[in-house]
Amino acid sequence: MTNDKVRTRFAPSPTGFLHIGGARTALFNWLYTRRCGGTFVLRIEDTDQARSTDESTRAILDAMTWLGLNWDEGPYFQAERVGIHREMVQKLIDEGKAYYCTCSPGALEAKRKKALAEGRKPKYDGTCRDRGLIRSPESVVRFRCPDVGVTVMRDLIKGAISFSNEELDDLIIERADGYPTYNFAVVVDDAQMGITHVIRGDDHVNNTPKQMLIYEALGCEVPLFGHVPMILGSDKARLSKRHGATSVMAYQEMGYLPEALVNYLVRLGWSHGDQEIFTMEELIRAFSLEAVGKSAAVFNPEKLLWLNQHYITTYPAEKLVEVATPFWERKGFDVSDGGFVAQAAANLRTRSKTLVEMADSGSFFFREEVDYDPEAAAKFLTPEYAGHLEAVAERIPDIVDYTKDGLEIFLRALAEERGTKLKWIAQALRVALTGKTVSPGIDEVMVTLGKERVIRKIRRAIDQIKAGG
RNA sequence: GGUCCCAUCGUCUAGUGGUUAGGACGCUGGCCUCUCACGCCGGAAACCGGGGUUCAAGCCCCCGUGGGACUACCA
């Protein structure tokens, strides 16, 4: 499978953030390339001067970096390459394979509408095809498409697809402003950059025959194509903002781990037997385009959440601290004690689906004053439990084995001594220490908080009981 | 409208002519248990329809139906 001649590319247009669909396309390209030991090129398709922004370019690069999708060449900027594009346009004109056209957009639009209304196909009628026009300020350049014959694409994912050339249009390859259009620029750039495998979204399938014809007209070798299926929203419509977050970086902000997103995305449309969890190394070894499915997939946030929780619970401790810290910092907490943050994260990891959730549910670790949940307090911060709390606070200084196991033994013994059950003491303590009836194991919480903080919190809870009467 | 693509549990999918149609998320019953999670054991849940081909079809062929993409001087 190793083939270091393989050259792939990811070519986003910088008109917005990197979205989920683009990320998966980039991921498939990346995996395929790494699997082959080839070269992954990044090219920014910014020929649409009006919509492209530097901010978008930076956001796309950031997102790819966050996901771990490094590129070997680039980023190249398509707009900087217009010289080459124009040269190639001129070459086609000189060879009679392209021609100037002065049909106005308005006239074209009218013809399209009329054709549609009459049930005919809205195809360029070839008005300027043989007029032998020369360049003028309002002229565009059209590619002369053969009107007979068949173009067949052997897609790496979808298999052979054939198109009858008769259906193809004399598409515009250079606009009146002198900039190339997508279908032309992409061919010139891919050819010139020696791209061997074009892996992209399957919304490009219908563009492919036109592009293949341009490769041939240019005298360039046609690359191999692999069209990956779209990602849909829950209503089966193409994934968009109204289905929720679609920007990759939005997931970082919501407390997702890049490993989770990568793992989720790769399984959308690709599978390897029954395996659900993959490391990057495993993916690189197992990935293949043949195993990519042909049908569109619906984005399922629940499964992403499950994977995220899986990665949070299994992340190496040091990395977990690293990614979790900013979320507490953002809430204004003191995160200077790395060991303390690490313990808090360790206590919370199995019960957090996202880092945001982890930061929220673990706020009590960082707050001196406990925020008592009214219902919890009403139930457990009562005179009935004050004695238990008092006993715990009094005995803590003398506990030698202040560990999870040691505390469990201590609390059980105390419960027996006081003629109650562990659960009642645990719940009262839980509310005293965390303010809630739901938290990590009470012994773990006590260990993480440390004797002093625990005693202070218990005292404050007792005061609260006395005050509340 | 035309061209092209697609079709197994609600969702992601395994399956390449003979399977009790498997796994995962979610849902759900139970166990574990100081709460909540985690974990473990169990359950409900699918081959879009109709014709062929074949001894045998989820798998092959045809026709429907449904969904999607494209049909720009956007990419």
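**Entry 1: the surface near the RNA**

I started with the surface near RNA strand B and found that α18 gives the most to it, with 5 residues. Helices (H or I, at least four residues) and strands (E, at least two) are DSSP runs, numbered from the N terminus. This is a predicted model, in which local features need pLDDT of at least 70, side-chain atom pairs count only at pLDDT 80 or more, and totals for chains, interfaces and linings use all residues; side-chain values use heavy atoms, with hydrogens and water left out. Residues are numbered from 1 along each chain as its sequence is written, while chains are lettered from A and ligands numbered from 1 in the order in which they are written.

Which elements each supply at least two residues of that surface? I listed α4 (105–117), β7 (159–164), α5 (182–192), β12 (297–298), α10 (301–314), α18 and α19 (442–468).

I then looked up the 62 residues around RNA strand B, where Arg175, Gly269, Arg351, Arg412 and Arg430 come nearest. Here a residue is near a strand if one of its heavy atoms lies within 4 Å of it. By class, I noted 20 nonpolar, 19 polar and 23 charged residues. Ala, Val, Leu, Ile, Met, Phe, Trp, Tyr, Cys and Pro count as nonpolar, Asp, Glu, Lys and Arg as charged, and the others, Gly among them, as polar. On the RNA side, 68% of the atoms within 4 Å of the protein belong to sugar or phosphate, and the rest to bases.

- Ser271 has a side-chain N or O atom 3.1 Å from a sugar or linking oxygen of RNA strand B.
- Trp306 has a side-chain N or O atom 3.5 Å from a phosphate oxygen of RNA strand B.

**Entry 2: α17 against α18**

Next I followed α18 (residues 422–434) to its packing with α17 (residues 404–417), where the angle is about 115° and the axes are 8 Å apart. Axes are lines fitted to C-alpha atoms, for helices over the stretch in contact, and angles run from 0 to 180 degrees between N-to-C directions. Leu411, Arg412, Leu414 and Ala415 of α17 meet Leu422, Ile425 and Leu429 of α18, with contact meaning heavy atoms within 4.5 Å. I sorted these residues into 6 nonpolar, no polar and 1 charged.

**Entry 3: strands**

I found an open sheet of 3 strands in the order β4-β5-β8, with antiparallel pairing. Two strands pair if DSSP finds at least two bridges between them. β4 (98–101) and β8 (172–174) stand at the edges with a single partner strand each, so one side of each has no neighbour in the sheet. The twist averages 45° from one strand to the next. β4 pairs with β5 (residues 140–143) over 4 bridges, and Tyr99 has Arg142 of β5 as its bridge partner.

I also checked β6 (residues 150–155), which pairs with β7 in the antiparallel sense over 6 bridges. A hairpin of 3 residues joins the two strands, and Val150 has Ser164 of β7 as its bridge partner.

I looked up the peptide bond between Gly74 and Pro75: cis, with omega about 5°. Pro75 lies in β3 (residues 73–77). Lys236 is not a glycine, yet has a positive phi of about 70°; I placed Lys236 in the loop between β11 (231–232) and α7 (248–253).

Methods. Polar contact = N/O pair within 3.5 Å; in protein donor to acceptor, adjacent residues only side chain to side chain.
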